[in-house]
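I opened this notebook to keep track of what I looked up, entry by entry.

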Amino acid sequence: MIRQAGAKQPVWDLPTRLVHWTLAALIAFSWWSAEYRHTGWHIWSGCAILTLLIFRLLWGFAGSSTARFANFVRGPRAIADYWRGTWTGIGHNPLGALSVLALLAVTAVQVGLGVIAQDEDGIFMGPLAQLVSSDTSDKARDIHELWFYVLLGFIALHLAAVAFYRVVRGKRLIVPMVTGRTPLDPGVQPMRRGKWWAALLCLAVALGITRWVIAGAPPFGP
Ligand code: HEM
């Protein structure tokens, strides 16, 4: 296919963008609901984040080319190439990929601690708190509160990196994360789209697992 120089090409698919901005909004909402003691809403928000994380994990194997982990999680050689300025490609660069993984992992730990935590009065409990002792639930809550600062640190680093690319490298990253499109250098292959039915399947599995967690992870079988 002949591409016009400077013409915008797809770089992020709709599911990846929806997950990104919903995740950012829900993390903000989770902070607000915890701060103002809307604990019920806080737990629902955490469960919604769990769905997003499971979906993003599955989409990392079944999604568009730029969403797939295999295409952006690279070894030290690719990182060195990127450092030397000889890396070409679209989507996450090999160094940025590390921060993507870290953000997803740190958020997953936060959710994991939340699902087994209970509040100080033992009134509100994460859906899996019954599976651990009351002591462990209390400890999980304490670490959940502290871990939020780790998450905040990674979010700050993420925003600093986005600002660095804009100011120092002159690269606009936010607009493509909103519209899904960006101008590509000549010779760079545009994104290969994922299948819409694969996205629906990933969503169904993510919702199913979240529902099972909300039910207290009952054993399967009769
Ligand atoms: C709670 C806050 C946030 C979290 C947890 C978060 C997390 C992430 C993750 C996991 C990705 C990788 C996307 C994927 O492949 O799924 C990403 C990419 C990105 N995020 Fe965020 N994000 C947050 C807030 C923001 C905000 C507020 C902005 C803009 C001001 C932003 C701008 C971007 C951009 C531009 C990318 C693409 C980076 C690239 O081109 O490689 N993010 N973010």
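Predicted model: local features only at pLDDT ≥ 70, side-chain atom pairs only at ≥ 80, totals over all residues.

Residues are numbered from 1 along each chain as its sequence is written.

Ligand shell. I looked up the 21 residues around the ligand, and Ala24, Ile27, Val100, Leu173 and Met177 come nearest; a residue is near a molecule if its C-beta atom, placed from the backbone, lies within 6 Å of it. Two or more residues each come from helices H1 (14–35), H5 (94–115), H6 (134–167) and H7 (174–179), helices being DSSP runs (H or I, at least four residues) numbered from the N terminus. H1 gives the largest share, 6 residues.

Cores. Of its 21 residues, Ile49, Leu53, Phe55 and Ile116 touch the most other members. H1, H2 (39–62), H5 and H8 each supply at least two residues of this core, and the largest share, 7 residues, comes from H2. Apart from it I found another core of 5 residues, among them Trp12 and Ile90.

Ile214. I placed Ile214 in helix H8 (residues 196–214). Ile214 counts as partly exposed because it has 16 C-beta neighbours inside 10 Å, between the limits of 20 or more for buried and 12 or fewer for exposed.

Notes. Core = buried A, V, L, I, M, F, W, Y, C linked by C-beta atoms within 7 Å.
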